[in-house]
Amino acid sequence: MTAPGVQEDGTGRPPVVERRLHPVTPLRRAWAPVAVLMGWAVHDPDGAQRQLTRLTTSTLLLGLAVLIPAAAFYGFLSWWFTHFAVTDSELRVRTGLLFRRTAHIRLERIQAIDVTQPLLARVAGVAKLKLDVIGADKKDELAFLGAGEARALRAELLARAAGFAPETAHEVGEAPSQQMLRVPPGVLAVSLLLTAATWVWLLVAAVALPLLWTATHSLWTVLAAGIPMLGAAGASSVGRFVAEYDWTLGESPDGLRIDHGLLDRAHETVPPGRVQTVRLVEPLLWRRRGWVRVELDVAGSSNSLLLPVAPRAMAESVVARVLPGVTVPPPEAFSRPPRGARWCVPVWWRGHGLAVTDAVFASRHGLLRRGLSLVPHAKVQSVRLARGPWQRVHGVADVHVDTGANGTVTARLRPAEEAAVLLHAQAERSRTGRRDALPDRWMA
């Protein structure tokens, strides 16, 4: 006889123990019926208003007396019928009350495992476990687990994915982390104030809203146009400050650790060997201070930011940790497009440049907001050459380098002869780079 919550697979191995989520989870899932009603009200506000005006106080109280217990009962049932279990090779998640669904997440296909804590979850002492899996359009998640249980489960999954024996994986624990860099809140605030997007939206609002008022004399029209503009300005400043607050970067055997967030705390990991492209972004107003922003393309992961702001020297040292053996080429190593390219891209052609070293394909672009994209040769999946009619007239071409993160880095406006040579040379460098590359493993 098998005990409740235990499954035997008939192979003679120890039985698989199923676990439930944290008991606070029903409170989260109880919102589903309420969300349906809110969605109907937003979709048909006139009909919702008519129905509300017909309700008496007693009818409204009776409706709430039915809705609240029903929502609570739904949340309880959805929690009760949700189980998860860790086997030798996969994470199983069983859900569903009427229609049962079992997800089998292979451990070797896991790219990254993040622990996040929204504000209310931090108060309740629980956390979400988010998993980036190859081939999945969005992250799978277990919400909610106890904060300690989430970290322990993350460590166990990473240990099993790294090849530790199942009977010892739970004893490995979370790999130690050594802090590399912490972004002070003051530096983050100044960097956001020096970001052009915030001021552009405020300038647009300052010009457009008075014109709308003069033309329409309608407060509702001004509000309908002004709220999205001010919201965009807030999202590019206040929203980013809240999300990127106390950004801390650490190094551990299972990758680079990232912790950040003022209200919602996130604990993320950039797995070793999965980074396909690194971008150094340098806005115009940051240059006097020597600051850059470091962004990533990671295969199978939605994590896209490594450092919100950092001195360039520190950013380049971090890039060397993310891409072993790669150094950022100096400015003098980049070759500009020929002067004939000015007829294809007036003025902005000066911002493009290309440098190819033994380890990396580096493409530069932009004048006001400079960007530098670095792709290790081993991460290149395909190389393409493209020439439009106007480019053929002026003897230039674009060379596109495709990576494993469904991204593309382009060397624009190269001389046609150079582009043809670069196409074949880059294909050969990528082939030998993949052949000599070390295998991607967790906790290497």
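Visitor: In which loop is valine 347 found?
Guide: This is a predicted model, in which local features need pLDDT of at least 70, side-chain atom pairs count only at pLDDT 80 or more, and totals for chains, interfaces and linings use all residues. Residues are numbered from 1 along each chain as its sequence is written, and side-chain values use heavy atoms, with hydrogens and water left out. Helices (H or I, at least four residues) and strands (E, at least two) are DSSP runs numbered from the N terminus. Valine 347 is found in the loop between helix H11 (312-322) and strand S16 (353-356).

Visitor: Is valine 347 buried or exposed?
Guide: Its phi is near 65°, a positive value in a residue other than glycine. Buried means under 20% relative accessible area, exposed over 50%, and partly exposed in between (1.4 Å probe, protein chains only). Because its relative accessibility is 55%, valine 347 counts as exposed.

Visitor: Is leucine 413 buried or exposed?
Guide: Leucine 413 also has a positive phi, near 60°, and lies in strand S21 (residues 408-415). Its relative accessibility is 0%, so leucine 413 counts as buried.

Visitor: Within what arc do the buried residues of helix H8 fall?
Guide: The buried residues of H8 (residues 185-193) are Leu188, Ser191 and Leu192. Seen down the helix axis, they line one face of H8, because they fall within an arc, taken from the directions from the axis to the C-beta atoms, of 95°.

Visitor: How many aromatic pairs does the structure hold?
Guide: Rings of Phe, Tyr and Trp (its six-membered ring) pair if their centres lie within 6.5 Å; planes under 30 degrees apart count as stacked, over 60 as edge-to-face and the rest as tilted. By this criterion, the number of aromatic pairs in the structure is five.

Visitor: Which charged end sits over the ring of tryptophan 80?
Guide: A charge sits over a ring if NZ of Lys or CZ of Arg is within 6 Å of the ring centre and within 35 degrees of the ring normal. At 3.7 Å from the centre of the tryptophan 80 ring, the charged end is that of arginine 20.
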